[in-house]
Amino acid sequence: MWSIISVLVENKPGVLFKITNLFRSRNYNIDSISVGITENPEISRMTITTEADEKQLNQIIKQLDKLIDTIEVKLLDEKKSIYRELVMMKIKVSKPTDIKEITDLANAFKCDVHDVRKSSIILEITATPDRINALEDLVRGYGILEMARTGICALARGERSES
Amino acid sequence: MEKISGARALMIALEKEGVDIAFGLPGGANLPIYDELYKSNIRHVLVRHEQSASHMADGYGRVSRRPGVCFATSGPGATNIVTGIATAQADSAPMVAITGQVPSKMIGRDAFQESDIIGITNPIVKYAFQPMSPGEIPEVVKKAFYIASTGRPGPVLIDIPKDVQQNEAEIQFPSEVKIRGYHPWVDPDIKEIERATDMLLAAERPIILAGGGVIISSAFAELQSIAELLMIPVVTTFKGKGSFPENHPLSLGPIGMHGHAEANKMMTEADCVLACGSRFSDRSVGTFEEFERNLKIIHMDVDPAEIGKNQTTHVAVIGDVKTSLRIMVKMLIQKAIKRNGENAWAKKVRETKEYYRENIKIHPHPLAASKVLKKLREVLPAQSIVTTEVGQHQMWASLFFDVIHPGTFFSSTGLGTMGWGFPAAIGAKAARPDVPVLDIAGEGSFNMTENSLAVSVLEDLPVIVFLLNNFTLGMVAQWQRTFYDRRMIGVDLKNCPDYVKVAEAYGAQGIRATTIDEIGKAVQTALKSNVTTVIDIPIDPQEDVFPFVAPGTSLKDMILPS
């Protein structure tokens with residue numbers, strides 16, 4: 001089961017290490033992790049996606065909660081949250097018509113197009129993993145030269161609720 | 001305000017926490033700390049190896065229920081206490097370990113005696129601090145003691161760069177600290193305790209499983225009240241051994257790989273278990289799936305992460321075990337529930353206990369472990385504190401040495417650290433100088449930290465090492481006999497050294513006891529003389545530990561001596 005966990009942590013050195021080391025030492029899997037500061041500079045938010053069964057997921061949440069540097073741990077409901085990932089893909093341009101085709105695709109996916117060259121083009125997309133994967137499938141034929149993904153960033157919908 | 005050094009601030013902060021003893025060994029990176037220790041009222045116990053300092057602090061912490069303190073220098077000093085920290089973590093023992101670190105400007109430059117002890121210990125500490133300015137030290141110390149001793153206790157590391165020890169600043173000492181992400185005490189949910197009580201009352205074959213949490217929270221009286229009010233038999237985990245008097249009619253003793261036969265048997269027949277402060281370790285319960293089959297599990301624990309970690313829980317009561325049990329006792333009294341007489345289950349429990357006590361074959365040797373340890377129980381005062389090393393002797397202690405006074409038995413049950421028992425006994429003696437302290441040892445394990453004899457003698461912390469000497473790494477030998485077709489390798493210790501002479505060389509008393517009678521007399525001599533004593537008891541190298549639940553099997557598959 002693919003899940004999104006949102007964790008508020010103390011914004012200080014070593015906390016990311018503690019979180020990732022917890023996943024390593026207990027044999028859990030991190031699918032993606034993104035970290036950034038919150039509205040409170042003392043606090044960072046980590047968005048972790050993981051593949052785990054229900055029992056393991058339960059343990060992941062409890063073990064994260066047990067860490068002294070975690071302030072809040074929430075399992076996000078996909079339907080009740082907004083989650084996005086930013087991806088950049090450098091795509092190979094083999095013939096002049098490729099540029100038009102790729103930019104058309106980019107428009108259909110509401111991507112930003114950067115660094116258009118004779119031999120390559122960079123697309124930037126912010127979307128759900130499903131849409132990103134769909135785009136990736138479509139452009140794979142041209143050749144993906146390089147790709148960078150940020151990992152999921154997410155917030156629960158509605159007013160902030162105490163967990 | 002007067003300026004003081006970080007090291008001075010550390011001593012003041014430690015004294016404010018009530019620290020009066022610390023175990024350690026100085027080195028280049030913690031000399032400023034030692035210089036302040038020289039001027040302070042804290043007693044320093046010089047060890048011969050830092051690992052022993054951490055075990056002494058652990059033993060002190062488990063017995064006093066206040067964090068034991070140990071000091072080590074940077075690099076190898078710090079890495080030498082890693083095993084001690086891991087041991088304390090595995091058994092939830094309160095400890096504050098304070099290491100020196102290379103100067104802050106040298107960190108990350110692979111300096112002499114630099115080790116990333118924060119990184120190394122990350123998975124085995126409850127928390128770690130590395131103050132980078134002297135002003136942080138008082139708050140760090142206060143937080144360290146708070147974290148180490150509250151909720152589920154554990155080890156906390158404070159790693160202090162040498163310049164932070166030396167530099168001076170105007171330093172404030174906070175009277176309290178708050179940690180945003182740490183909520184050690186949760187009030188137990190009354191509704192859940194009600195559900196637990198109802199479930200326990202509805203059960204036909206209820207049993208209580210008492211774990212180490214009962215000892216940590218001193219919930220002895222509450223546990224006994226519930227057992228007696230409801231006439232429910234009590235089994236324990238190995239760590240929980242001695243949380244319930246083992247001479248009590250309702251006591252069945254520890255379950256597990258080398259649990260008591262009657263405990264394992266009745267555990268597998270129960271339909272409902274009240275587990276108090278137990279983490280359902282594989283050593284205790286065997287295969288998880290088999291253990292929980294047809295069993296309703298009520299789990300009381302202070303650590304929410306333990307709920308459902310290994311077992312499916314039907315009712316979970318999160319909070320201090322003593323508080324939760326006390327509420328349950330009140331509920332039972334309010335409901336005027338007091339069972340008298342013997343129902344079918346109680347009868348079965350009694351009969352099973354009697355059956356195994358009469359029918360388990362005793363190893364045919366004049367110094368069979370059961371005879372030796374029963375003699376020890378006879379002559380050792382009930383209030384004495386007993387530690388063990390790790391190996392066959394430890395399991396025999398679990399099987400044949402009854403703990404009468406709750407909370408007087410301590411062992412490295414989680415990590416299984418050989419060499420733990422002796423230094424831990426010294427730490428225990430420091431915490432309780434008024435009672436005899438004895439380490440039930442095997443020679444393989446004792447070898448690992450026997451140089452603590454010097455500490456025990458010179459620091460006047462006399463303990464008795466009750467050495468079951470079978471000249472072999474007995475537990476490994478047993479496994480090689482059982483699972484590896486008797487291909488014996490790496491286990492023969494060849495009756496070397498002579499432990500009586502070893503004891504004497506360190507200025508301790510050494511006694512060899514070769515009969516049950518001599519064993520009794522030797523213990524009495526040691527108790528009377530009140531000096532560090534090694535009692536060397538040559539036992540049979542061929543004796544195996546039974547019952548035996550082989551790894552990967554269930555308690556039902558317990559093997560008895562043939």
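A: The contact between the two chains takes 13 residues from chain B and 15 residues from chain A. On the chain B side, the residues touching chain A divide by class into 8 nonpolar, 3 polar and 2 charged. Please keep in mind that this is a predicted model.

Now to chain B itself. Its domain assignment gives domain 1 as 3-170, domain 2 as 190-358 and domain 3 as 361-552. Taken over C-alpha atoms, the centres of domain 1 and domain 2 of chain B are separated by 37 Å. Where these two domains of chain B touch, each contributes 5 residues. The side belonging to domain 1 of chain B has 1 nonpolar, 2 polar and 2 charged residues.

Let's turn to a pair of helices, α3 (residues 50-64) and α5 (residues 82-90) of chain B. From α3(B), the residues Q51(B), S54(B), H55(B) and D58(B) meet T83(B), G84(B), I85(B), T87(B) and A88(B) of α5(B). By class, this contact has 2 nonpolar, 6 polar and 1 charged residues.

A second pair is helix α11 (residues 220-230) with helix α15 (residues 321-334) of chain B, packed at about 35° with axes 9 Å apart. The crossing of α11(B) and α15(B) is left-handed. On the α11(B) side, E222(B), L223(B), S225(B), I226(B) and L229(B) make the contact, while α15(B) supplies K322(B), L325(B), R326(B), M328(B), V329(B) and L332(B). The class count for α11(B) with α15(B) is 7 nonpolar, 1 polar and 3 charged residues.

Finally, a sheet. In chain B, 6 strands form an open sheet with parallel pairing, in the order β16-β15-β17-β18-β20-β19. At its edges stand β16 (409-410) and β19 (509-512) of chain B; each has a single partner strand, so one side of each is left without a neighbour in the sheet. Further in, strand β17 (residues 437-442) and strand β18 (residues 464-469) of chain B run parallel and are joined by 5 bridges.

Conventions: Residues numbered from 1 in each chain as written. Chains lettered and ligands numbered in written order. Predicted model: local features only at pLDDT ≥ 70, side-chain atom pairs only at ≥ 80, totals over all residues. Pairing = 2+ DSSP bridges. Helix = DSSP H or I, 4+ residues; strand = E, 2+ residues; numbered from the N terminus. Contact = placed C-beta atoms within 7 Å. Nonpolar A, V, L, I, M, F, W, Y, C, P; charged D, E, K, R; others polar. Domains from an automatic or database assignment. Axes fitted to C-alpha atoms, helices over the stretch in contact; angles between N-to-C directions. Left-handed = near helix turned anticlockwise from the far one by under 90°.
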